[in-house]
Amino acid sequence: MALDNGPVHGREALAELAGERVDHRFKGLPPDAYGLTLAELAGQRRNLFTDGFATPVLALSAERLEHNLKLMETYAARHGLAFAPHGKTSMAPQLFHRQIEHGAWGITLAVPHQVWVARAFGIGRIFLANELVDAAALRRLAAELDADPEFRFVCYVDSVRGVELMDAALTEAGAERPVDVVVELGAGAGARTGARTEADCAAVADAVAGTRTLRLAGVAGYEGEVPDADPERVHAWLRRLVALAADFDKAGRFEGLDEIVLSAGGSAWFDAVADVVAEVPALSRPVLKLLRSGAYVSHDDGHYREVTPFNRVPAEGALEPAFRLWTQVVSRPSAEQAFANAGKRDAAYDLDLPFAQVVRPADGGPERPAAGIAVSGLSDQHAWLRTGPGAELEVGDWVGLGLSHPCTSFDKWQLIPVAEADGTVVDYIRTFF
């Protein structure tokens with residue numbers, strides 16, 4: 001089965017996105033833009049606030065998006081890290097390609113559907129930070145690998161049973177190329193996936209060595225699952241991961257490789273990853289030190305603003321929250337309460353409620369801080385606003401909300417305008433969840 005993937009196909013697929021026409025699928029876009037292609041609409045450089053966009057509408061800051069891309073590119077290079085940002089955050093192939101243009105080795109993903117999206121847009125290196133035991137998905141993966149000798153794919157394994165299932169499915173599929181796998185070290189008792197002990201990891205590695213269809217490429221894990229995580233515990237677990245790689249190498253488990261994959265790194269502890277991978281001893285082969293943090297691309301105004309490692313290492317720079325959800329006041333039943341027309345269908349709410357930041361008056365007056373205004377709850381299509389004494393807010397005003405948790409912000413929007421600071425919309429980001 002020949003599959004048309006690779007850089008040329010990726011550019012063609014992105015061009016096809018630009019040719020997609022505006023219609024009822026996309027929230028918040030100007031109704032008079034229906035029928036235009038996204039490229040035509042972007043070329044009009046409409047203003048988010050004055051040229052027909054309807055609330056609720058989620059926007060990305062063009063300037064902050066670019067700042068975040070550059071900052072993590074610089075950070076990874078400074079610390080000698082390869083970077084495969086987690087694409088599940090945005091599921092936006094346009095952003096995948098921008099991340100790669102900013103130095104990313106490839107893209108990390110979590111489930112087979114996400115892999116197929118990335119491949120449809122020509123992503124040539126994919127790290128699947130998950131186990132893969134579904135026979136249908138493995139058949140397709142085998143076809144992808146056999147059709148494209150340049151495609152690099154790596155995924156987790158954490159059990160002998162999982163290795164057996166993979167081997168059986170790939171053997172039945174007649175796979176010609178072995179699938180590269182990394183043994184996942186679990187972060188501790190009660191944590192998520194991963195083999196719990198070094199002995200368990202060795203048993204999984206032995207099982208991989210007994211197959212024709214799999215190749216042991218390295219070790220990996222996710223330090224964000226360390227129980228009661230703090231710098232000491234996270235550093236200790238990361239040193240276990242490095243020691244596991246060294247032990248496997250000493251045992252000759254990586255013979256035949258060009259490089260050994262050592263991967264970790266969420267969005268809360270990548271400074272610890274940088275610290276510990278700098279201590280990796282000389283191994284028999286070069287080490288691909290692969291960082292996987294993904295939330296940086298948009299950052300946020302809540303959870304990740306609090307936990308970002310840049311708070312601990314301010315000299316390295318600072319990420320900037322790039323999302324703002326614009327909603328309109330539709331009811332003001334009392335001096336203490338108002339309701340706006342964005343709710344759970346539009347805003348992330350799994351970690352924190354949205355944050356009222358600014359107000360744009362309906363009469364066209366200047367934007368002002370949302371003083372005395374707070375989001376107290378969300379219904380499906382309404383934000384409950386608590387308004388303190390002196391809060392200036394009228395029916396028809398637009399309220400700009402900051403959001404917490406990028407992953408559950410992107411997934412509520414199929415198309416997201418990218419706006420400059422003055423409101424000029426310069427691009428549209430298409431997501432595929």
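The structure holds 4 cavities of 30 Å³ or more, where a cavity is a set of points, on a 1 Å grid over the protein atoms alone, at which a 1.4 Å probe fits but cannot get out, and lining residues have an atom within 4 Å of a point. Volumes are the space filled by probe spheres set on the points, with grid points joined across faces, edges and corners. This is a predicted model, in which local features need pLDDT of at least 70 and side-chain atom pairs count only at pLDDT 80 or more, while totals for chains, interfaces and linings use all residues. Residues are numbered from 1 along each chain as its sequence is written, and side-chain values use heavy atoms, leaving out hydrogens and water.

| Cavity | Volume | Lining residues by class |
|---|---|---|
| Largest | about 70 Å³ | 10 nonpolar, 1 polar, 1 charged |

Among the residues that line the second largest cavity are Glu184, Arg192, Tyr222 and Trp237.

Helix H8 covers residues 198–209, and its buried residues (buried meaning under 20% relative accessible area, exposed over 50%, with a 1.4 Å probe and protein chains only) are Cys201, Val204, Ala205, Ala207 and Val208. Seen down the axis of H8, these buried residues fall within an arc of 155 degrees, taken from the directions from the helix axis to the C-beta atoms, so they line one face of the helix. The face turned away from the buried side of H8 carries the exposed residues Ala199 and Ala209.

Some places in the backbone also deserve a look. The peptide bond from Thr55 to Pro56 is cis, with omega near -5 degrees, and Pro56 lies in the loop between helix H2 (38–44) and strand S1 (57–61). Asp228, although not a glycine, has a positive phi of about 50 degrees, and at 63% relative accessibility this residue counts as exposed. His299, also not a glycine, has a positive phi of about 55 degrees, but His299 is buried, with a relative accessible area of 4%.

Notes
Helix = DSSP H or I, 4+ residues; strand = E, 2+ residues; numbered from the N terminus. Expected span 1.5 Å × (residues − 1). 1 Å grid on protein atoms, 1.4 Å probe; cavity = no way out; pocket = protein on both sides within 12 Å on 5 of 7 lines; lining within 4 Å. Nonpolar A, V, L, I, M, F, W, Y, C, P; charged D, E, K, R; others polar.
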